[in-house]
Amino acid sequence: MTDALHINWRGPLASCNYDCAYCPFAKQVSSRAELEQDELALARFVAWARDHARHRRRLSILFTPWGEALIRPYYARALVELSTLDHVAAVAIQTNLSSRLELLAGADRATLALWTTFHPSETTLDAFVGRCAELDELGLRYSVGVVGLREHFALIEALRARLRPEVYLWINAYKSAGPGYYADGERERLAAVDPLFSYNAMRHPSLGRSCAAGRSALFVRGDGRVSRCHFVERSLGNLYADELDAMLGDEPCPQQSCGCFIGYVQLDELGLRRRFGDGLAARVPAAWRGR
C-alpha cells in the first residue's frame, strides 16, 4: 500500500450507544438534524472518493468517528460502496461491533476490514466473541482491540484464547494514568498477547522527525478541512475546494511526541506503515498469521 494515499475521515457525528467511563461521548445521543448533517458529509466524501478522475489516487480510508458510527446504516452503505471501487486499496471503520453486521454482506472482502474494540464494561466476552464469529461467517477481516487496564488483564488473555489465531489482538496502553501505571512484568504480560504493545506503551519523540502525515496520509473533517493528522490543527486547505497536490508535502512533525496509533504509525523511523501494508486502515499487520 506504499503508493496509496491514506485518509482518516471524521464527520460531525459525536455520539455513542456505549457508556465507557473514559470516553467524552459515552451515551450521547445525536439529534436528527446532527445525523442528517453527518450523512450529508459522508455522502460528499464518498462522492469525492468515487471520482478517481479528480483526485487520481489509490486510496486507503479509515473512518475514525467520535463515538459509534456503524449503528447508522448509511455508514454500512458507504463502506460497501467504497470497498467495490477499483482504486480503493482498503477501507475500514472503528467500531464496537454493536451494529447490524449483515448490512456489510455486499462488501468486497479483499478491501473492507473492521477495526473493532472490546469494551468489557459494556458487553460480555461471550457476546463480543459471538459478534466476531458473525464476522468470520461473513468472511470479513478484522482486528480486535482493548484498553490495557490492569483489572482487565485476565479478560484480555481469555479474549486472545477465544479468538482465531489469525485475528490480531492489539492492546492500547492505558496512558491516562501516567508512565508509572504498569508494574514490573505487566508490560511483558501484555506484550505476550500483543507483540506490538511496546510501540503503544510510550509516547514517541516526534518533533522534527520525518513522518508520512501530510505527505501520503491526511486527516479530513466532515466539512472537508484537511490537516496532516488528527493531532495537528493547522489547516492545509479544503478537500472539495483546493487541489490535492497543493496540500500534500513532506514536512517534519511539529509535535513534541506522539502516543496514538493513528499518529505514530506514520513516523518513518518506526517502519510501521510498511509493516501494516494494506492492513493499516483496520490495524491488521500485513504478515499476521497468528502465533
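Tutor: In this predicted model, the side chains of Arg 56 and Asp 245 form a salt bridge with an N to O distance of 3.1 Å, the term being used for a side-chain nitrogen of Lys or Arg within 4 Å of a carboxyl oxygen of Asp or Glu. Because Arg 56 sits in the loop between helix H2 (52-55) and strand S3 (59-63) while Asp 245 belongs to helix H8 (residues 244-247), the pair ties together parts that are 189 residues apart in sequence; helices (H or I, at least four residues) and strands (E, at least two) are DSSP runs, numbered from the N terminus. Arg 56 has a relative accessibility of 48% and counts as partly exposed, and Asp 245, at 43%, is also partly exposed, where buried means under 20% relative accessible area, exposed over 50%, and partly exposed in between (1.4 Å probe, protein chains only).

Residues are numbered from 1 along each chain as its sequence is written, and side-chain values use heavy atoms, with hydrogens and water left out. Local features need pLDDT of at least 70 and side-chain atom pairs count only at pLDDT 80 or more, whereas totals for chains, interfaces and linings use all residues.

The structure holds 19 salt bridges, and another of them joins Arg 77 to Glu 39 at 3.5 Å, N to O. Here Arg 77 lies in helix H3 (residues 73-83) and Glu 39 in helix H1 (residues 32-50), 38 residues apart, with Glu 39 partly exposed at 34% relative accessibility.
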